[in-house]
Amino acid sequence: MKKSVVCFLAVVMLISLFSFNTKALDLNDISAKASVVMCLDSREVVFEKNKDLKLPMASTTKIMTSLILAEQPDLSKTITATSEMLAVEGTSMGLKAGDSVTYKDLLYGMLLASGNDAANVTAFAIGKSLEGFARLMNIKAKEIGLKNTSFVTPSGLDDENHYTTAYDLALLSAVALENPVFKAACSSKSAVVYFGNPKVRYTLTNHNKLLGDYEGL
């Protein structure tokens, strides 16, 4: 997925932990088409720019895919990837047809390596198909209160009916961070996972530069 596809910035800030002067922000300083700074606890929006503008969401889609996966009762469950499941372009954690992988390792494959393959396999494992999983994503979106979001793919590949807003994305992120399994995975700078046929040990590194640039993250 090209970086240019990410057309907005949604920032979720825990105000109680970080000193953040919103008065110092100026709309002209924000290059993104849309942005939101939201208090994690209260959901208060303390800064916004075009917060309800519908835009493509690219790989931030995996927040929803990962949240649904993190809510599954047994993350030790194993699934065998097929060619149909892996028929997706873009970033990958390295899965091949015939590989066995646990739900937990799929979670880390999405949140650390941004694996489109992991997202697709998750969709088939839980929703039985891409369309079936998209229905689950949209049901979850309504439960959370995302009013301007529509999901079509589990990975974020472009589709005219696949979109969100900076506000909805910030709200989704805040809800996802309340899930301890999701939070542990996305805050990990690296993780050891096992997959293959037979399984092989791999180390995944988190692509989120914020984890190394800000104290406390």
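This is a predicted model: local features need pLDDT of at least 70, side-chain atom pairs count only at pLDDT 80 or more; totals for chains, interfaces and linings use all residues.
User: Let's start with H3. How many residues does it have, and how far does it reach?

Analyst: Helix H3 covers residues 116-127, which makes 12 residues, and from its first C-alpha to its last it reaches 16 Å, close to the 16 Å expected at 1.5 Å a residue.

User: What does the backbone do just after H3?

Analyst: Lys128, which comes just after H3, takes a positive phi of about 70 degrees.

User: OK, on to H4. What follows that helix, and what is its phi?

Analyst: H4 is followed by Gly145, whose phi is also positive, near 105 degrees. As for the helix itself, its 15 residues should span 21 Å at 1.5 Å a residue, and the end C-alpha atoms of H4 are 21 Å apart, which agrees.

User: Which residues of H4 are buried, and what do they pack against?

Analyst: In H4 the buried residues are Gly132, Phe133, Ala134, Met137, Lys140, Ala141 and Ile144, and the buried residues of this helix pack against H1, H3 and H5.

User: Switching to the core. Which members of the largest one touch the most others?

Analyst: The largest nonpolar core has 54 residues, and those touching the most other members are Met64, Leu69, Ile79, Leu95, Leu106, Val121 and Leu172. Two or more residues of this core come from each of strand E2 (35-39), H1, H2, H3, H4, helix H5 (166-176), helix H6 (180-186) and E6.

User: Take Ile79 from that list. What is it in contact with, away from its sequence neighbours?

Analyst: Leaving aside neighbours within four places in sequence, Ile79 is in contact with Met85, Asp99, Ser100, Val101, Tyr103, Leu106, Val121 and Ala125.

User: Now the strands. How do E6 and E7 run, and how many bridges join them?

Analyst: Strand E6 (residues 190-196) and strand E7 (residues 199-205) run antiparallel and are joined by seven bridges, with a hairpin of two residues leading from one to the other. One of the bridge partners is Thr203 in E7, which pairs with Val192.

User: What about Thr205 in that strand, is it buried or exposed?

Analyst: Thr205 lies in strand E7 and counts as exposed, because its relative accessibility is 52%. Beyond its neighbours within four places in sequence, Thr205 is in contact with Leu112, Lys189 and Ser190; the C-alpha atoms of Thr205 and Lys189 are separated by 6.0 Å, although these residues are 16 apart along the chain.

User: How many aromatic pairs does a search of the whole structure find?

Analyst: The search finds one aromatic pair. Phe195 and Tyr202 form it, and the pair is stacked, at 4.3 Å centre to centre with 15 degrees between the planes.

User: Last one: which residue lies over the face of Tyr167?

Analyst: That is Lys51, at 5.0 Å from the ring centre of Tyr167.

Technical notes:
Residues are numbered from 1 along each chain as its sequence is written. Side-chain values use heavy atoms; hydrogens and water are left out. Helices (H or I, at least four residues) and strands (E, at least two) are DSSP runs, numbered from the N terminus. The expected span of a helix is 1.5 Å times one less than its number of residues. Two strands pair if DSSP finds at least two bridges between them. A nonpolar core is a set of buried Ala, Val, Leu, Ile, Met, Phe, Trp, Tyr and Cys residues joined through side-chain atoms within 4.5 Å. Buried means under 20% relative accessible area, exposed over 50%, partly exposed in between (1.4 Å probe, protein chains only). Contact means heavy atoms within 4.5 Å. Rings of Phe, Tyr and Trp (its six-membered ring) pair if their centres lie within 6.5 Å; planes under 30 degrees apart count as stacked, over 60 as edge-to-face and the rest as tilted. A charge sits over a ring if NZ of Lys or CZ of Arg is within 6 Å of the ring centre and within 35 degrees of the ring normal.
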